[in-house]
Amino acid sequence: PAPLAFREQLPTLCVLLRGALYPSLVMGKEIEMRTGKCPDYALFRVRRSHSDKENLEYLLDQSYHDPAKLKGKHLIFPDTMLATAGSLIAVYTMLVKEGVKPDHVDFFGIIGSFEGAINALRAIPSLTLYLAWIDPVLNHKGYILPGLGDAGDLLNGSAENITDLLKGYGSEFCRVHVRQIEKVYDAMKQTVAEEVFD
């Protein structure tokens, strides 16, 4: 299927916090510019249980999503990179357990590993992967080599709170993406903090 040719309904943007927040907002703006409508967001915070690739577990720490609103939808996961694909697979597996059967799943990333791409395509039947570059190797910790380091830290510093993440992007970025940010907070059932736009 052609990316961003949205059939009869808008996709839902699935955000793997933290590193994927920025690319998700940018893609949300692109969708808004093409369709005149702002897509919904679903937010997921996943952590790795160990630093050893052979014993890695991906644990869902937090999520803001309504399973009923994701059923039959086109789900898009924008992200900076795909290393082991553990976070993507963990979220997809959880959604399937909740009875969510997506119409289609797309992953848009900048850089990925060969192993992670294979893992994702084997685990998610309806997945289409879009990567600008594939690096061949994961090290013993499951990091891409040469890779990008910790994309979440590079984009956001050590911030975990969404308000702090957005403030780090700058008020001008936030003003351009105001409808996307409102949708992110709507997914969390919260109101956008005023200081995001200051």
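How far apart in helix H1 are Glu32 and Lys29, counted in helical turns? They sit three residues apart, which means a separation of about one helical turn. Keep in mind that this is a predicted model. Show the two side chains and you'll find a salt bridge, with the closest N and O atoms 3.4 Å apart. Glu32 is buried at 11% relative accessible area, while Lys29 is partly exposed at 21%.

Stay on H1 and select Arg34 and Glu30. Here's another salt bridge, its closest N and O atoms 2.7 Å apart. These residues are four apart in the helix, again about one helical turn. Arg34 is exposed, with 54% relative accessibility, and Glu30 is partly exposed at 31%.

Next, colour H1 (residues 21–35) and H6 (residues 162–169): they pack at about 70 degrees, with axes 11 Å apart. The two helices are therefore roughly perpendicular, and the crossing is right-handed. To see the contact, pick Leu21, Tyr22 and Leu25 on H1, plus Ile162, Leu165, Leu166 and Tyr169 on H6. By class, that's seven nonpolar residues, no polar ones and no charged ones.

Lys167 is partly exposed at 37%, and so is Asp164 at 39%. For a network of salt bridges with shared partners, select Arg18, Arg45 and Glu160. The structure holds nine salt bridges.

Last stop: Ile89 in helix H3 (residues 86–97). Leaving out residues up to four places away in sequence, Ile89 touches Asn119, Ala120 and Ala123.

Note on methods. Residues are numbered from 1 along each chain as its sequence is written. This is a predicted model: local features need pLDDT of at least 70, side-chain atom pairs count only at pLDDT 80 or more; totals for chains, interfaces and linings use all residues. Side-chain values use heavy atoms; hydrogens and water are left out. Contact means heavy atoms within 4.5 Å. Axes are lines fitted to C-alpha atoms, for helices over the stretch in contact, and angles run from 0 to 180 degrees between N-to-C directions. Angles under 35 degrees count as roughly parallel, over 145 as roughly antiparallel, 65 to 115 as roughly perpendicular and the rest as oblique. A crossing is left-handed if the near helix is turned anticlockwise from the far one by less than a right angle, and right-handed if clockwise. Ala, Val, Leu, Ile, Met, Phe, Trp, Tyr, Cys and Pro count as nonpolar, Asp, Glu, Lys and Arg as charged, and the others, Gly among them, as polar. A salt bridge is a side-chain nitrogen of Lys or Arg within 4 Å of a carboxyl oxygen of Asp or Glu. Buried means under 20% relative accessible area, exposed over 50%, partly exposed in between (1.4 Å probe, protein chains only).
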